[in-house]
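Thanks for coming, everyone. Let me put the structure up, and then we'll walk through it.

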Amino acid sequence: MEEHLTVGRVAELTEVSVRTLHHYDEIGLVRPSARTGAGYTDAVAHLRRLRGLLQEQRDRAAAMVRSIDRELEARAMGIRTTPEEQLKVFGAQLYESIGSAYPATRTTEPRIAARIWEALGDARTVLNVGAGTGSYEPPDRDVTAVEPSAVMRAQRPADAAPCVAASAQSLPFADQSFDAAMAVSTVHHWPDPIAGLREMRRVARRVVVFTYDASTTGWLERFWLTRDYLPEFADLLTDWPSLADMTRAIDGHAEPVLIPWDCADGFFEAHWRRPEAYLDEHVRRAVSVWTRVGPDAEQRAVSSLREDLASGRWAERNRDLVALGAAELGLRLLVA
Ligand SMILES: C[S@@+](CC[C@H](N)C(=O)[O-])C[C@H]1O[C@@H](n2cnc3c(N)ncnc32)[C@H](O)[C@@H]1O
């Protein structure tokens, strides 16, 4: 006979409140095997899952403490870290501060979603890594989401897939436990993209990643925004892995993804034919690039763009774009 414990007893044993256990149940992390008046739950399986979750949280907290200590030591010695180094140190913390602005302009672009879902093939179980608020999660498959930022997790719709608090570089799942793993617009936030991609490969038979190619010569010049207004973008990608290294990590290939002129998902390049959009604070706040380059670069870029739009200089320089329906700005679908 299966051993059962009351939810109260589980709370006592794990030192996690009954309220938190109910929350874990609601978000699909720890589901009771049976619901009776007394609230019985399958002790062994659920304690194991909970233990793994708590261990993972403890490891992440310990890693954060170590990072903060290193940052404090560096500051005590008068060494100031760059925004990029800070991002490496604090990782998902960025989304704890900017995440609430995300849903304003970040939504599913159906033409990109169609490409991603096609690449998932016949996968039934899908892991969505760096899932954010759940854009691009296929509605007709069994999705499990992974998202380290509590702010982002809290903004997932009530009927979105269950979401686990974890990071790409250490996925709390057994080898080959999903038919497919997907990651959309997130790899550039991972402290170790190659390790994260290898993790995806480890836990899934198929891997689909929507990301950016910064290794092609002249990439800074291919988008007018980075070329003419925000060259600081280059600093954010100094040790970004090459496309070849990323495809190798998943043992796959890369396919270009053109950005439609009216792209619904407001990521950095999305408004390439709608330059006025970049003057809008809401558009910028939903894209981490603008926070990462810092307020000085942001204000300079925006003022300069505003002037060029008013004077007609932008239109003159970019007159070829008006006739384009979609642009190749380095976005890639990696498929394995
Ligand atoms: C630009 S959002 C993309 C969200 C979603 N995939 C989408 O397409 O809307 C980037 C997400 O990556 C998450 N992230 C940051 N560091 C991560 C890591 N190490 N592992 C997994 N996800 C991470 C952030 O918290 C954020 O939700």
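Contacts along the chain come first. Take pairs in contact, meaning C-beta atoms, placed from the backbone, within 7 Å. Among contacts between residues at least 6 apart in sequence, 68% join residues at least 24 apart.

A word on the source. This is a predicted model: local features need pLDDT of at least 70, side-chain atom pairs count only at pLDDT 80 or more, and totals for chains, interfaces and linings use all residues. Residues are numbered from 1 along each chain as its sequence is written.

Now the overall make-up. The chain has 16 helices and 11 strands. Those are DSSP runs, numbered from the N terminus: helices are H or I with at least four residues, strands are E with at least two. Of the 336 residues, 33% count as buried. Buried means 20 or more other C-beta atoms within 10 Å of a residue's own; exposed means 12 or fewer; partly exposed is in between, with C-beta atoms placed from the backbone.

Next, two neighbours in sequence. R285 sits in helix 13, residues 281–285. Beyond its neighbours within four places in sequence, R285 contacts I98 and A101. R285 and Y102 are 183 residues apart in sequence, yet 7.3 Å apart in space, C-alpha to C-alpha.

On to A286. That one is in the loop between helix 13 and helix 14 (288–292). A286 is buried, because it has 23 other C-beta atoms within 10 Å. Setting aside neighbours within four places in sequence, its contacts are A101, Y102, A104, T105, R106 and G266. A286 and A101 are 185 residues apart along the chain, with 5.2 Å between their C-alpha atoms.

Now a helix pair. Helix 8 (residues 193–203) packs with helix 12 (residues 243–250) at an angle of about 30°, axes 8 Å apart. Axes are lines fitted to C-alpha atoms over the stretch in contact, and angles run from 0 to 180 degrees between N-to-C directions. So helix 8 is roughly parallel to helix 12; the cut-offs are under 35 degrees for roughly parallel, over 145 for roughly antiparallel, 65 to 115 for roughly perpendicular, and oblique for the rest. Who meets whom? From helix 8, P193, I194, L197, R198, M200 and R201 meet D245, M246, A249 and I250 of helix 12.

Last, the ligand. Of the 22 residues around the ligand, Y95, G130, G132, S149 and A168 come nearest. Near here means a C-beta atom, placed from the backbone, within 6 Å.

Conventions:
Contact = placed C-beta atoms within 7 Å.
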